[in-house]
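Welcome, and thanks for opening the viewer. Please follow along step by step, selecting each part as we come to it.

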Amino acid sequence: MNKVFALIDCNNFYASCERLFRPELQGKPIVVLSNNDGCIVARSNEAKALGLSMGAPYFKNKALIRKHNVQVFSSNYALYGDLSHRVMRVLQDMEPDVEIYSIDEAFISLPAGNNLAAYAKSMKARVEKYVGIPVSIGIAPTKTLAKIANRFAKKNAQHQGAFEIRNHENSDELLSTVGVGEVWGIGRKSTEKLNRQGIHNALQLKNADDQWIRKHLTVTGLRTVMELRGTSCLPLDHSLPTKKSIISSRSFGSPVNTLPDLREAIATHIAIAAEKLRKQKSAAGSIHVFIYTNRFKKDTPQYAGNIMMTLSQPSACTPTIIKSALQGLERIYKPGYAYNKAGIMITELVPQNHLQQNLFCSENIENTPLMATVDRINTRWGRNTLQFAAAGLAKPWGMKQAHKSPAYTTNWPDIPVVTASF
DNA sequence: TCTGGGGTCCTAGGACCC
DNA sequence: TCTGGGGTCCTAGGACCC
């Protein structure tokens, strides 16, 4: 049986999450800020209409925000994760074939047929009823086209949040209205290349020369072109999301100069990442450590240090990994610079075997022979700060979180299991 | 001074995504 | 004063081997 893809995408997800608890903000402009209140990472439609753009630095837009009385929230990832989970559960109750693509998006495989848009609307209604988050649904023969269909569903009110693209029926005309840079998989660099080649919209990309695309945009680009033509190259991915690398990094609230302070930061990042590592039952083979000065301050001395350390054997043990990471740090640290960001990436993740499980360290950091570094962190930040930092709830190193959200309660009734009737 | 060809593996960096 | 964080995939080129 022929299959099509549906892409379910939550509208302005973080903003919608915040608004769920502040219904009086319905129809009002709101924005959500990134970690450290640095950038705008989510906007309600009203905020978009004011010209506030995605990723824009908060401090540059303060005047505009004040002028229009835009509500501002610091991000609360624990809340967004919880609501995301609820949205996905509603979808999984309705359909067996769900790929959770990101915190606010899911692909679903559906048997091709008539009236798919009507079915999608019932799906949308169910999510909104049980979770309260508005979603848009795009349906098409390929994932890339479903992304575009989703855009039409979202942008054109007459579609009521659900829209289908069918091969050879309406696709070419629609594609000619989509800028090439808006196609999924075509970023800034590729857009420039394509524009120079006279390719400006998705229809032109669809009809582009295969050889040229292969040469200049690699196989990834060619896959995108095939998908625009209706040939599905990106299947639904049900695999358990076992990560291949784990990153923890942060900008500092104020510049950091000394090795002890950087040691604290690196040790903390390792503790956070190692916990995630153990959660997915993996062990790490190598560790990257990096420290950066502030790249936006062009008039101050710039330095970027990074180093990769290979462990003698894969480990999931926090102190072991910290020890290597700190050795790496000593090698890249240069005094006299104002550091603005530090972080680590652990890679070469392998499944834990029995041996490694025996080497396992307690989840509770305080019970491990962990060095004084972590003790110092605990003293400095207060009890349990590590856990809170991991959940994005605390702002170490003098970080600010100016726009406190209200205390949330999420003990809602369980979502009833429904039988799919399709 | 001349100075193969082919294969694999690894790494850094680019590009993209949310 | 204040510019996020966490991921994946692909490729070119170097190192190394025979």
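## Helices on a sheet

Start by selecting helix α5, residues 116–130: this helix lies across β1 (3–10), β6, β7 (135–140) and β8, and runs at about 155 degrees to β7. Keep in mind that what you see is a predicted model.

Next, colour the strands themselves. In what order do the five strands of the open sheet come? Reading across, you will find β5-β6-β1-β7-β8, with mixed pairing. The edge strands are β5 (98–102) and β8 (162–164), each pairing on one side only. On average, neighbouring strands here are turned by 20 degrees against each other, direction ignored.

Zoom in on β5 and β6 (residues 105–111): the two run antiparallel and are joined by four bridges. Select Glu99 and you will see Phe107 of β6 standing opposite.

## Over to the DNA

Now select DNA strand C, which 25 residues surround; Ser34, Lys244, Ile247, Ser249 and Ser251 are the closest.

Show the phosphate oxygens of DNA strand C. One is 2.6 Å from a backbone N or O atom of Ser249. For Arg223, a side-chain N or O atom is 2.9 Å from a phosphate oxygen, and for Lys297 the corresponding side-chain distance is 3.2 Å.

Finally, highlight α10 (210–228) and β9 (246–256), the elements that give two or more residues to this surface. β9 gives the most, with six residues.

Technical notes: Residues numbered from 1 in each chain as written. Chains lettered and ligands numbered in written order. Predicted model: local features only at pLDDT ≥ 70, side-chain atom pairs only at ≥ 80, totals over all residues. Heavy atoms only, no water. Near = heavy atom within 4 Å. Polar contact = N/O pair within 3.5 Å; in protein donor to acceptor, adjacent residues only side chain to side chain. Pairing = 2+ DSSP bridges. Axes fitted to C-alpha atoms, helices over the stretch in contact; angles between N-to-C directions. Contact = heavy atoms within 4.5 Å.
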